Amino acid sequence: METPIEVAGLVKTFGRTRALDGLDLTVRAGEVHGFLGPNGSGKSTTIRVLLGLLRTDAGAVRLLGGDPWRDAVALHRRLAYVPGDVTLWPNLSGGEVIDLLGRLRGGLDPKRRAELLESFELDPRKKGRAYSKGNRQKVGLVAALASDVELLILDEPTSGLDPLMEEVFQQWVRRAKRDGRTVLLSSHILAEVEALCDRVTIIRNGRNVETGTLAELRHLHRTSVDAEVVGSPDGLADLPGVHDVRVEGTRVRFDVDNPALDAALRRLTEIGVRSLVSQPPTLEELFLRHYGTITDEPAGVAR
Amino acid sequence: MSTLTGTRHLVRLILRRDRVLLPLWVLLLALLPMTYATSFFELYPDAAQRTAYATGPATNPSIVALLGPVYGDSIGALTAQRGGFLTLIIGLVSLLTVIRHTRTEEEAGRRELLGATVLGRHAGLAAALLVTYAANLLLGLLTVAGLVATGLPAAGSLAYGLAAALAGVVFATVGGLTAQLTETAGGARGIAVGVLGVAFALRLVGDTAERDWVSWLSPLGWAPRIRAYEGERWWVLVLPVVLSVLLAALAYPLSVRRDLGAGLLPPRLGPADGGLAGPFGLAWRLHRGQLIGWSVGFGLLGLVLGGAAEAAGKAVEGNAQVEEILARLGGTSALAEAYLGGTLGFVGLAAAGYGIQAALRMRAEEVAGRAEPLLATAVHRFRWLASHLLFALAGPVVVLAVAGLAVGVTYGLGVGDVPGQLPRMVGVGLAQVPAAWVLAGLAVLLYGLLPRLAPVAWGALAACVLLGQLGAVLELSQWLLDLSPFTHTPQVLGDDWTATPLLTLTAIALTLAATGTAALHHRDLPTT
């Protein structure tokens, strides 16, 4: 089976701005692939390149085995796209837009369309101008999810949806995966990515900084340890891979690189442990490490 | 907190946002009456000519329908009649301004942002009305100053200027009222323009059928009835003031009765599923309203122009200067036909405006983000562009054919030869098509090649209007005049014309459009 999305060394410039700077992205068939990055990192630009709307300046892009620019029309029959901000024609009803987009893709499943309308609680008779932001997103989602396509490209599709609808969305993405579809899900809602994605690509400033399964990414990162010890926690700070040691009386807190975890715990038990809490890093922390601070590590450590 | 708290700040916001548009329409509409007076002074210096005009062409039903009645044969009376159409324009601009600053703001959600600040419940409506009232009064006073400057009596000028300003005030208030009724600015505009249309129709029927009481029912009928320069009836000014107060008194409680964002009339629902077959079906839905609206407008314009043509021919008999000017406008045979040739040339410019707006619809779709999801389906860029190009090219044909048809009917009735005149006039209308296409083609070229500069197409149209209107008068050199495609449109009512320029213009238009289409194929979309 071909790889649905293969991007290597993609460069896209707008004037003097380098929006994409050597981006790599591989999405395997049948997976839900998370595409993470802060605003302005180049997620939407990448997606527009994949849709053949923007030309590339350098790099190789393959979409469903074709060239997204040259073969745009043929490829678009096999994919559905939901933008992050669905805008509708003010004088067309939601139902008309859903059917129009479905028909332009080559047909949609009427049964699934009805199911989707019901589970998203969307009234298709309202005119485009009357929908709220969340309901406009639902129009885009229903049109995409009701289409019989191999690949779903979703660009922050749940912006404006409430938590209940977010849950409904997740159910439908899981169902799409069960049906054998591939999903590229760009997002900055980390809970959504953690709940849905098999693999994740994190990008920043137009280049990817991490790719892998969530487990792999966590493996590369630190564990936070919070312990009550019997003696004085000397020597911990000198261990390789241990960071940010904070001591308050008998309580010690520190972060440790996962490869150094074993040594750190050994040292703790030598001192004597009364209680211990350790937490894996959340994606929030991964994000904060990459974007929240100017870290000393060079971008692109763990390819 | 008073219900008007914050009005001052909103007034400043409106003035800031309209700092170009507002002075523009105020100045333009204030200057026009002055130019009318000046031209009457030049064209009809002696009283006998004026009397002939005032009892002849000025009472022609088509002229009366368009402008309103004439109440004397002084320069002032003729100017007041000539400026009668302006009250309609002033009313239109005023109601659009008020709706733009009330319901449009609310629909866009910006009113909500402001409403959460220290702002009285009535402040939004009050600010929009205040600004528009002030603009109208300024317009009125400038009009008075301009008319007095031409040498017309001050009292009559004041009566005319105030009557025009108060017509604006009335329809500004109508706009403020309809903005409370519907959820959408489009709906509010529709109702308000409908009210304006009914007012115009009442005045038109009352004036042409000489049923004075019917005209008194219309706010547009009041302005002429103040009889500026012919024994002013000042009390007439009370009518628009009273009506505005009543309308405002109705609008304010309505604005409190309803929720923010909601209208008093329920929004209509659409179909739950759609039969739009593809990009062309969609384009039809997007363009049909404009196309029908323009066709109706062109039809009405054609009816009036055709009816006025015969009168125009008679009007200038014995006036060498007018005959010369009309001849310069392009006609070669009879004056009525010269007049028709010239005015239909102007209609051709308007049709180019339709073509440009239809072509630029693509840019609007692109910028609004509605093109992107469509082009992410199995729709080729060419097909998407073709669906809009169809309207940019076929639209001018339709509206010009309608205008020619309408001219043919009324002009044909006037000269007693409808079957003969109908095809001729449709021919004159259609002869304008290639020149209109050139401008539409230019819009497509700009859209494909330099999308950010696409609105420059409007500038090209404005340049053509200026060249056409002022070129002959200013005696500009021929190569400059030749830049406008409309210079090359032959006078098909004359005997000696060839189709060569029409074919050349068509070829140029198609080349421009094709180049733009090819360019679109190679550029990023959206380009913002």
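1. Tyr44(B) is buried, at a relative accessible area of 7%; buried means under 20%, exposed over 50% and partly exposed in between (1.4 Å probe, protein chains only). Tyr53(B), at 13%, also counts as buried.

2. This is a predicted model, in which local features need pLDDT of at least 70, side-chain atom pairs count only at pLDDT 80 or more, and totals for chains, interfaces and linings use all residues. Residues are numbered from 1 along each chain as its sequence is written, chains are lettered from A in the order in which they are written, and side-chain values use heavy atoms, without hydrogens and water.

3. Over all chains there are 8 aromatic pairs (rings of Phe, Tyr and Trp, the last by its six-membered ring, with centres within 6.5 Å; planes under 30 degrees apart are stacked, over 60 edge-to-face, the rest tilted). The planes of Tyr44(B) and Tyr53(B) stand at 35°, with ring centres 5.1 Å apart, so this pair is tilted. Together with Phe40(B), these two residues form one aromatic cluster.

4. Trp294(B) and Tyr354(B) are an edge-to-face pair, because their planes stand at 75°, with centres 5.4 Å apart. Tyr354(B) is buried, at 0% relative accessible area, whereas Trp294(B) is partly exposed, at 23%.

5. The contact between the chains (heavy atoms within 4.5 Å) takes 36 residues from chain A and 37 residues from chain B. Between chain A and chain B there are 3 salt bridges (a side-chain nitrogen of Lys or Arg within 4 Å of a carboxyl oxygen of Asp or Glu). Arg48(A) and Glu372(B) form a salt bridge through their side chains, at 3.0 Å from N to O.
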